[in-house]
Amino acid sequence: MKKLLLIFLLVVALVGCTPANGSSSNKSKDGSDDNFPSKSIEVVVGYGPGGASDTIARTVATAASKYLPNDQSFVIKNIPGGAGIIGTSEVHNADPNGYKIGFSPSGPLTILPHMGEASYSLDSLGAVIKLASIPQMLHVKKESPWDNFEEWVEYVQNNPGDFTYSTPGVGGEQHLAMEALNEVLGITTVNVPYNSGGESSVALIGGEVDGSVVFPGTVASDDAKILFSFSGSKEGYDDVPTLKDLGIDVASNVYGGIIAPKEVPQDRIAIIHDAFQKALEDPEVIEKLEGLGYPITYGDSESFQSELESDYKQAGDLLRKLGLVQ
Amino acid sequence: MGENILFGLLQVFEWKHLLAMIAGVSFGMIIGALPGLSVPMGVALMLPFTFGLPPTIGMLLLVGVYCAGVYGGSISAILLKTPGTAASAATAADGFALTQQGKAGKALNMALYSAVSGGLISGFILLLVAPQIAKFALSFGPPEYFALALFGMTVIAGVSGKSLGKGLVMGCFGMLIATVGIDPIDGVPRFNFGTNFLISGIDLIPALIGLFAISELLNQIEKKTKALSVKVKYEKDRFGWSDYKPHTKTIFKSSLIGGIIGAIPGAGAAISSFISYNEARRTSKDPESFGKGSLDGIAAAVSGGNGTTGSTLIPMMTLGIPGDVVTAVLLGALLIQGLKPGPELFTNHGNLVYTVMIGVIVVNLILFVQAKLAIRWFAKITQIPSSILLPIVFGLCLLGSFSVTNSLTSVGITLFFGVLGYILPKYGYPVTPILIAMILGPLAETSLRQSLILSEGSYLIFFMRPIPVIFILLIVLLFVIPLLKGKWGNRLQRA
């Protein structure tokens, strides 16, 4: 019994203390911003631990802590749910003091607001820094008859509606990328949605579907080959042709970066930006991210913001064309 | 492979690895045993500590938390009827019945022996036949998942108690609850009534804590119990081979069920423990005792649950797909260390892989020793006066549900389901079918709709492949025919 009581007290103490300490130091120093940051900065990730977003955010944030003034650090907080909506809302609703920011892939910012269920819009959030790309590529099985884009196109043109491909969800970046291509080529392919990139790649290897639009890092097998990348640039995958290389004017970039509430003071944004920028040059970060297949694609606050805005528009047009939103 | 196993064996017994596993097991057992705190949470809490550790030590620590946590869930299920995990929900009814009879020690020992047996069998499956099992897991496409989910639903018949009709009503209710949130196929939010918090759906853990733990607390308050255990005399808890022997068959069968179901991503410990429990009840000579303090029931549910612990690592390490939340965290631990799962992991980091595999087996041995020492203390919890124990448990339950999404909305969900779980059984409506339907509902819905996309709308897809056909035949043979026979028999008797 004593043990249980002790454990209980320990747990209460652990859980109770952290936010309490945080807020007390917050009050004493927060008024004057010449000492930012005076406590740790929370980085909200809208997905559970272990996914692509979490991995990128954690890897870079851990290194970025080294470059943060006053010996402070970034702390990752996973708030999963609603395909990233819940976590992004959390950032949107946070006090604009710079102590709660978020990492987000492009989807929750460029696609989900169109769906009308998000409490935020792209305008109500500020882009801080673009960190890495999560390039999406069309994978087919190793023994499939198509070795390159041309052979594949010939097949789908002659067999409309026969080619099935797996994605991590309807209206996600992967589905929209393929739909954009369908539109340009005048072809019909069938999307079979799964719950995650991992599941959709397994559906391909297990032979459930003919192809899969996923990030190559989630395909943990030698049984797949890549036909082409939907990205606008090579991003380190030198032997994979992009659609642009193939003479087709379609590009769907998927990337992630740090966002913050819109009203965070510029000087604080600059401090956060600089810490992350230095982290991207850290050899350990470079080695880890590239080892997992995430190309580092730095973008400053302005270019990140304008890229998000133009992708937001593109996604909106496409979603309306597909009839997924009115 | 032999070389690798030897190397792994040497690695595991290095002091720092042993220390990591011992620490993981203690932490996991406590987290699992505390009502309201779940295994995924324990593993996630430990995850940040592994970032600074070498990958092998980190993985062994997490594996320790995982295996011990799954067992620990049964401790609170038995003693307090507050299962910490969905898997231990199947243990709660029988375990708590024994506790009330003053046989908590016996129930706890049965659970421990079954958990360790299940864990060891699963560990050997992982070590010896991982590649073959991974191939089998790959053959599971949408039609197979749908058939498995249907098969799992038949468990509802076993846990409905007196009235199958009322059980089915509760099953449908659970399915309905599972539809709240984002539609898995079209991505459209459903039944969220314009709110943000329902978009992500109703999490299983807060609902589970409400349905089982909060409702039981309300029951205890209503009964004004002085202490949970009725008998004052504390039964000596000698537990040996002679107590284990009658359940050998059940444990072995359940562990194999666990080993297979664990390897199928997305199925997991909860489904396995319920299917094992149901199977043991079906083949038992004394099915009436199930739910009223059957040791065989505990053995089946616990070994079915722990039987998945090793094999869930198979799809995670070989294919990079996590079968449940825990393995998703373990996958994260690998990725953050810069290690990519898949065939490359086996060729480039064979040392790590085999050390972890052997670690699963050693962790279970450590668990046995630690838990054996702890059980006598755990069993005394039931003698704590209710006026002290129940508020603590209540606090922990709310804390646990809060921690799932770090928001008060999940606490609200817990309280809602707590009241539901208190009222419904009073009118003869069992709550376990709600849980089973909430676990299987999303799996059934997603896989059914995926199958129909693949087959362009034809239901024949479920009859064209071997695994779904086997499941459908099993459903008919094991459940539909006995049900019809029962009805028939009754009619004949009446005539």
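How many bridges join E3(A) to strand E10 (residues 255-261) of chain A, and in which sense do they run? There are 4 bridges, and the strands run antiparallel. The legends below start from this pairing.

The model is predicted: local features need pLDDT of at least 70, side-chain atom pairs count only at pLDDT 80 or more, and totals for chains, interfaces and linings use all residues. Residues are numbered from 1 along each chain as its sequence is written, and chains are lettered from A and ligands numbered from 1 in the order in which they are written.

View 1. Strand E3 covers residues 100-105 of chain A; strands (E, at least two residues) and helices (H or I, at least four) are DSSP runs, numbered from the N terminus. Of the 6 residues of E3(A), 5 are buried, where buried stands for 20 or more other C-beta atoms within 10 Å of a residue's own, exposed for 12 or fewer, and partly exposed for values in between, with C-beta atoms placed from the backbone. Strand E1 (residues 41-45) of chain A is joined to E3(A) in parallel by 4 bridges; two strands pair if DSSP finds at least two bridges between them. A:Val45 has A:Phe103 as its bridge partner in E3(A).

**View 2. The five-stranded sheet of chain A.** The strand order in this open sheet of 5 strands is E7-E6-E8-E5-E9 (chain A), and the pairing is mixed. E7 and strand E9 (224-229) of chain A are the edge strands, each pairing on one side only. On average, neighbouring strands of the sheet are turned by 30° against each other, direction ignored; the axes are lines fitted to C-alpha atoms, for helices over the stretch in contact, and angles run from 0 to 180 degrees between N-to-C directions. Strand E5 (residues 137-141) and strand E8 (residues 211-214) of chain A are antiparallel partners over 4 bridges. Within E8(A), A:Gly211 stands opposite A:Val140.

**View 3. Helices H6 and H7 across the sheet.** Helix H6 (residues 173-185) of chain A lies across strand E6 (164-167), E7 and E8 of chain A and runs at about 120° to E8(A). H7(A) lies across E5, E6, E8 and E9 of chain A, at about 160° to E8(A).

**View 4. The two domains of chain A.** Domain 1 (40-133 + 254-322) and domain 2 (137-229) make up the domain assignment of chain A, with bounds from an automatic or database domain assignment. Their C-alpha centres lie 27 Å apart. The contact takes in 14 residues of domain 1 and 10 residues of domain 2 of chain A, two residues being in contact if their C-beta atoms, placed from the backbone, lie within 7 Å. On the domain 1 side, H10(A) gives the most, with 5 residues. That side divides into 10 nonpolar, 3 polar and 1 charged; Ala, Val, Leu, Ile, Met, Phe, Trp, Tyr, Cys and Pro count as nonpolar, Asp, Glu, Lys and Arg as charged, and the others, Gly among them, as polar.

**View 5. A:Ser310 in helix H10.** A:Ser310 is part of helix H10 (residues 301-322) of chain A. A:Ser310 counts as exposed because it has 11 C-beta neighbours inside 10 Å. Its C-alpha atom is separated by 8.7 Å from that of A:Thr110, 200 residues away along the chain.

**View 6. The contact between chains A and B.** Chain A and chain B each give 46 residues to the contact. Among the elements giving two or more residues on the chain A side are helix H1 (2-30), helix H2 (52-64) and helix H9 (283-292) of chain A. The residues of this side are 19 nonpolar, 19 polar and 8 charged.

**View 7. The domains of chain B.** Chain B is divided into domain 1 (2-464) and domain 2 (465-495). The C-alpha centres of these domains of chain B lie 29 Å apart. In chain B, 13 residues of domain 1 are in contact with 10 residues of domain 2. Helix H7 (residues 142-153) of chain B supplies the largest share of the domain 1 side, 6 residues.

**View 8. B:Leu208 in the largest nonpolar core.** B:Leu208 and B:Leu435 are among the members that touch the most others in this core of 250 residues; a nonpolar core is a set of buried Ala, Val, Leu, Ile, Met, Phe, Trp, Tyr and Cys residues joined through C-beta atoms within 7 Å. Leaving aside neighbours within four places in sequence, B:Leu208 is in contact with B:Pro83, B:Ala86, B:Ala89 and B:Leu435.
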